[in-house]
Amino acid sequence: MTITVFTPSYNRAYILPTLYESLQQQTCKDFEWLIVDDGSTDNTEELVASWLSVADFSIRYIRQENAGKHLAINRGVAEAQGKLFLIVDSDDYLTCDAVRILCDRF
């Protein structure tokens, strides 16, 4: 595993699909998507669960009690399995070649 694409999330089920779609379109799948859910009260957990069986890349979902974004990031760093750690917020997306460019350079 070369890259951990990390997303801290709190009540972001409405916007996470845009990021998910951009990850589905990556030309290099040598990454994991690590989501740390910081105590969401929306349907984030169910949404991510629906992607687990259909995604063609690794997704890991960790839920914790609400502690703030800074602690969600710390948890992500501790749990990451990639050699590189890329924070991509829930309202962001990646161009289809983003992971490939990073893999080629590292």
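User: Where is Q24 found?

Analyst: In this predicted model, Q24 is in helix α1, which covers residues 16–24.

User: Is Q24 buried, exposed or partly exposed?

Analyst: Partly exposed, because its relative accessibility is 24% and buried would mean under 20%.

User: And what does Q24 touch, leaving out residues up to four places away in sequence?

Analyst: Its contacts are K29, V54, A55, D56 and F57. With D56 there's also a polar pair: a polar atom of the Q24 side chain lies 3.4 Å from the backbone nitrogen of D56.

User: How far is Q24 from E65?

Analyst: C-alpha to C-alpha, they're 28 Å apart in space, and 41 residues apart in sequence.

User: OK, switching to α2. Which of its residues are buried?

Analyst: Helix α2 runs over residues 44–52, and T44, L47, V48 and W51 are buried there.

User: Why are those on the same side of α2?

Analyst: They cover an arc of only 95° around the axis, so they sit on the same side of α2.

User: Something else: what's the phi of N11?

Analyst: It's positive, about 50°, although N11 is not a glycine. For context, most residues other than glycine have a negative phi.

User: Where is N11, and is it buried, exposed or partly exposed?

Analyst: N11 is in the loop between β1 and α1. With a relative accessible area of 23%, N11 is partly exposed.

User: Let's zoom out. How many helices and strands are in the chain, and how do they run?

Analyst: Four helices and four strands. Going from the N terminus, the order is β-α-β-α-β-α-β-α.

User: How does the radius of gyration fit a compact globule?

Analyst: It agrees: the chain has 13 Å, and a compact globule with 106 residues would be near 13 Å. Along the principal axes, the C-alpha trace spans about 40 × 25 × 20 Å.

User: How much of the chain is buried, and what is its accessible surface?

Analyst: Of the 106 residues, 42% count as buried. The accessible surface is about 5,500 Å², and 50% of that belongs to carbon and sulfur atoms.

User: Last one: among contacts between residues at least 6 apart in sequence, what share joins residues at least 24 apart?

Analyst: That share is 81% in this chain.

Methods:
Residues are numbered from 1 along each chain as its sequence is written. This is a predicted model: local features need pLDDT of at least 70, side-chain atom pairs count only at pLDDT 80 or more; totals for chains, interfaces and linings use all residues. Side-chain values use heavy atoms; hydrogens and water are left out. Helices (H or I, at least four residues) and strands (E, at least two) are DSSP runs, numbered from the N terminus. Buried means under 20% relative accessible area, exposed over 50%, partly exposed in between (1.4 Å probe, protein chains only). Contact means heavy atoms within 4.5 Å. A polar contact is a pair of N or O atoms within 3.5 Å; within protein, one must be able to donate a hydrogen and the other to accept it, and residues adjacent in sequence count only if both atoms are side-chain atoms. The arc is that of the directions from the helix axis to the C-beta atoms. The radius of gyration is taken over C-alpha atoms; the globule rule is 2.2 Å times the number of residues to the power 0.38. Accessible areas come from the Shrake-Rupley method with a 1.4 Å probe; for residues, only the protein chains shown count as cover.
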